[in-house]
Amino acid sequence: MGKRKRSEKAEAVAVPKKEDVAPERPVRTLLGWKDKNENEAEVKDNGASPVFRNKEKVLVTCSRRIVYRYRHLMLNLVSLLPHCKKDNKVESKETKGATLNELVELKNCSSCLFFECRKAKDLYLWMAKCPNGPSVKFLVSAMHTMEELKLTGNHLKGSRPLLTFSSNFEKDAYWKLLKEMLLQIFETPKDHRKAKPFHDHVFVFSIVDDHIWFRNYQISVPHNESDKLPRGSLDKMTLIEVGPRFCLNPIKIFGGSFGGPTLYENPLYVSPNQIRALQKKKKAGTFAKKIKAKTRRKMHEMANPLEPDEFADMWKD
C-alpha cells in the first residue's frame, strides 16, 4: 500500500515541462520600444492599421565651460518642454557624437538638443534624431532669456504648445526637413505624464533672411467667469510674448546622428571667427593710418624747415 501511495503522489507532483524559450526582445524605434504582441493586439482590436502613439523624448545637455547666459537659455527650453530629460555636461571633443548617442540610448530618448559653447563667446546648437539621424548644426544669435526680457506673458508650465511655421518653410527641401525636425522635437506628445492637456501658448518659427527666428507667445482670452468666450470667436484672443527669444542660422545638415554625409551646407554662412578677424583688420587699418599721418608730418617738417626767428634771443640777455 505504501508503494502505491508514493507512486500516486509522484504522478500528482510531476507536471509536464514547457519549453523554456525566452520571449522576443521588443524592437527599439524612434517612437519608443515596439512590442510585436502589443502591435498584433492593436491590429486585431481595430481591424486596421496599428494606432500611432507619439513616444518622443528629448535629451537636453550642454558642453563644459558654458557661459551662464547660454545655460539659462537651455534651462528655459527645459522648462518649456515637459517631454525632455536634462543630463550632465559633455566634453566638447571630436568623439562627442558617440558619447551623446550612447547617452541618448541610456536615457531611452529619441532626439537630442546639444548646446555647444566655443571660446566663451559663440553658441552652437546641435539638433539630432538618434541613433540614425539626421542632425543639424545651428549658430545661435540674437539670444534673450526669460530673465533678461521680463515680459508680461505667462502660461502654465507643462502645457502643450501650438506650433506655427511661416509659409516659406515649404519653398526648399532642406527647409521642409528642418520643419519636420522642429515639429518632432518641440511638439509635446499627447497624454504625456508630465504634460497638461491645455493649449495656452504658441511656438512661432519664422524664416527671415535665411535665419529661423523663435518666439513663444501666450494665448490670452479676455473673459469673466460669468461671461465665458464662445468657441470660434478668435478675434478677441490676443498674443502676449513670454520668451525666450533666439535666432538659428543653419550651418550644415548631416545624414547621420552628429555626423555622417553632408546633406546641405549653407553657402551664406560666415563663421564668427572670420567676422572678428575682419573687425581686427579694420582696427589695425585705423592704427596704420595714424602712423602714416605722423610720418608724413615729419617728412613735411623736414622738407619745409622754418626760417630762423630774429627776435628769438632778444630777451635771453
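**View 1. Salt bridges across the predicted model.** In this predicted model, the count of salt bridges comes to 12. The chain that carries them has 317 residues, of which 35% are buried, and its secondary structure comprises 7 helices and 13 strands. Among contacts with a separation of 6 or more, 67% are between residues 24 or more positions apart. The accessible surface of the chain amounts to about 21700 Å², and carbon and sulfur atoms contribute 54% of that surface.

**View 2. The salt bridge between E91 and R64.** In this close-up E91 and R64 form a salt bridge, with their closest N and O atoms 3.6 Å apart. The pair links distant parts of the chain, since E91 sits in the loop between β4 (84-86) and α4 (96-106), while R64 sits in the loop between β3 (58-62) and α3 (68-80), 27 residues apart. E91 has a relative accessible area of 28% and is therefore partly exposed, and R64, at 41% relative accessibility, also counts as partly exposed.

**View 3. The salt bridge between E148 and R69.** Here the closest N and O atoms of E148 and R69 are 2.7 Å apart, and the two residues form a salt bridge. Because E148 belongs to helix α5 (residues 146-149) and R69 to helix α3, the pair ties together parts of the chain that are 79 residues apart in sequence. With a relative accessible area of 36%, E148 is partly exposed, and R69 is partly exposed as well, with a relative accessible area of 26%.

View 4. The side chains of R297 and E301 meet in a salt bridge, at 3.5 Å from N to O. Because R297 and E301 are 4 residues apart in helix α7, about one helical turn separates them. E301 has a relative accessible area of 45%, so this residue is partly exposed.

**View 5. Helix α7 along its length.** Helix α7 runs over residues 272-303, which makes 32 residues, and reaches 47 Å from its first C-alpha to its last, close to the 46 Å expected at 1.5 Å a residue. Of the 32 residues of α7, the number buried is 1, and the helix therefore lies largely in the open.

**View 6. A nonpolar patch on the surface.** The residues shown are F311, M314 and W315, which form a nonpolar patch on the surface and together have about 440 Å² of accessible area. One of them, M314, is found in the segment after α7.

**View 7. Helix α6 and its buried face.** Helix α6 (residues 173-186) has 14 residues, and the distance from its first C-alpha to its last is 20 Å, close to the 20 Å expected at 1.5 Å a residue. The residues of α6 that are buried are W175, L178, M181, L182, I185 and F186. Seen down the axis of α6, these buried residues fall within an arc of 120°, so they line one face of the helix.

Technical notes
Residues numbered from 1 in each chain as written. Predicted model: local features only at pLDDT ≥ 70, side-chain atom pairs only at ≥ 80, totals over all residues. Heavy atoms only, no water. Helix = DSSP H or I, 4+ residues; strand = E, 2+ residues; numbered from the N terminus. Expected span 1.5 Å × (residues − 1). Buried < 20%, exposed > 50% of the residue type's maximum accessible area, 1.4 Å probe, protein only. Patch = residues over 30% accessible without salt bridge, like charges linked within 9 Å, V, L, I, M, F, W, Y side chains within 5 Å. Areas by Shrake-Rupley, 256 points an atom, 1.4 Å probe, with all protein chains shown as cover. Salt bridge = Lys/Arg side-chain N within 4 Å of Asp/Glu carboxyl O. Contact = heavy atoms within 4.5 Å. Arc of directions from axis to C-beta.
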